[in-house]
Amino acid sequence: MTGSISTSWLLSSHSNSKSDSFSFIATLKPFRYYPFQSLSPNRISSRSPLPSIQIRSGIRELRERIDSVKNTQKITEAMRLVAAARVRRAQDAVIKGRPFTETLVEILYSINQCAQLEDIDFPLSIVRPVKRVALVVVTGDKGLCGGFNNAVIKKATMRVQELKQRGIDCVVISVGKKGNAYFSRRDEFDVDKCIEGGGVFPTTKEAQVIADDVFSLFVSEEVDKVELVYTKFVSLVKSDPVIHTLLPLSMKGESCDVKGECVDAMEDEMFRLTSKDGKLAVERTKLEVEKPEISPLMQFEQDPVQILDAMMPLYLNSQILRALQESLASELASRMNAMSNASDNAVELKKNLTMAYNRARQAKITGELLEIVAGAEALRES
């Protein structure tokens, strides 16, 4: 057993007792153990060895700690399994909805180019000097998902500061409870609307609510540019917060402020996720999308403006729905990894606490045996 034991006896006499009584004092070197640390996944970065400090708890407190860690492990393991089951469905929704979104964007850019060549003005493609920007920030509705929410909020905050340094006003449209709680409590942000998710998985109805607000802000010229800030789903172990220009329909570098300087974000890209050999892969292309050539024999029965008017709501809805789907998939993947790390830490912490508990119990039993032996020896000598 680790630790040294020194004994001393103190003789005390009592008038009502026929025999002398002895009391035992044992001095033990404090054992070293791993403390009960917070299992919050927001504080878990990697499985590094837990620091050791001197034990300060008794046997009962150690037993209660072990039971608490066991209960926490059950909760984190259950949350990991739930997130793992949901992330597969969210990942399938992202992959299946991608071809439609990409094809729609290509056709829309092609029609918009033809309209510009014919000097046809379309409200959503007019590039104005940027004086005010609307940021649609997509966050999660729940926590316990590592640094998912903090990363996208930090990205949006940095973008707002960058625009303000250029003298451009910024209005925030927050989507998700975590983002709503953050932006609504800070006066430095001009919040236009806070929207909460209504269901387990994003739907076109939820995306339409955001699209209507974005459309009204841009058409009424309250804002001159609309950007999406969301978390791009790359794989189950990686997700990156990105900025994507939603309106106006223009190429990268065309949106400028009143001084003629480009206001597009440096990392403003369109990410196209594809699947190769059954595995998820990522292909990055700049916002300057290569537009397919339209055959000169192709004719449109309707006016290009009418076609664009019919396709723009579909474009806004699909782009926002894709952002919501990728954000949800990233959130679930982050929660699954965070709960896995928390469960592993709980197993290791339970092991260390059990070892400290066994040592403390062994020391107590040894002390009681020494006390009995010492008392019997004292009675025999008397």
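Helices (H or I, at least four residues) and strands (E, at least two) are taken here as DSSP runs, numbered from the N terminus. The model treated in these exercises is predicted.

**Exercise 1.** State how many helices and strands the protein chain has, and what share of its residues is buried.

*Solution.* By the definition above, the protein chain contains five helices and 11 strands. Buried means under 20% relative accessible area. Of the 382 residues of the protein chain, 42% fall in this class.

**Exercise 2.** Identify the buried residues of helix 3, explain why they lie on the same side of the helix, and name elements that cover them.

*Solution.* Helix 3 spans residues 177–184, and its buried residues are G179, N180 and F183. These residues cover an arc of only 100° around the axis, and therefore lie on the same side of helix 3. Their cover includes strand 5 (132–138) and helix 2 (148–165), together with strand 6 (169–175) and strand 7 (190–195).

**Exercise 3.** Describe the largest nonpolar core, and determine which element gives the most to it.

*Solution.* The largest nonpolar core comprises 37 residues, and V226, L246, L247 and Y315 have the most contacts inside it. Elements giving two or more residues to this core include helix 1 (59–117), strand 8 (225–235) and strand 9 (238–247). Helix 5 gives the most, with 10 residues.

Turning to one residue, V226 touches, among others, A134, V136, V214 and F218, as well as L246 and L247. A second, separate core has 18 residues, including I168, F183, V263 and A265.

Notes. Residues are numbered from 1 along each chain as its sequence is written. This is a predicted model: local features need pLDDT of at least 70, side-chain atom pairs count only at pLDDT 80 or more; totals for chains, interfaces and linings use all residues. Side-chain values use heavy atoms; hydrogens and water are left out. Buried means under 20% relative accessible area, exposed over 50%, partly exposed in between (1.4 Å probe, protein chains only). The arc is that of the directions from the helix axis to the C-beta atoms. Contact means heavy atoms within 4.5 Å. A nonpolar core is a set of buried Ala, Val, Leu, Ile, Met, Phe, Trp, Tyr and Cys residues joined through side-chain atoms within 4.5 Å. Lists of a residue's contacts leave out its neighbours within four places in sequence.
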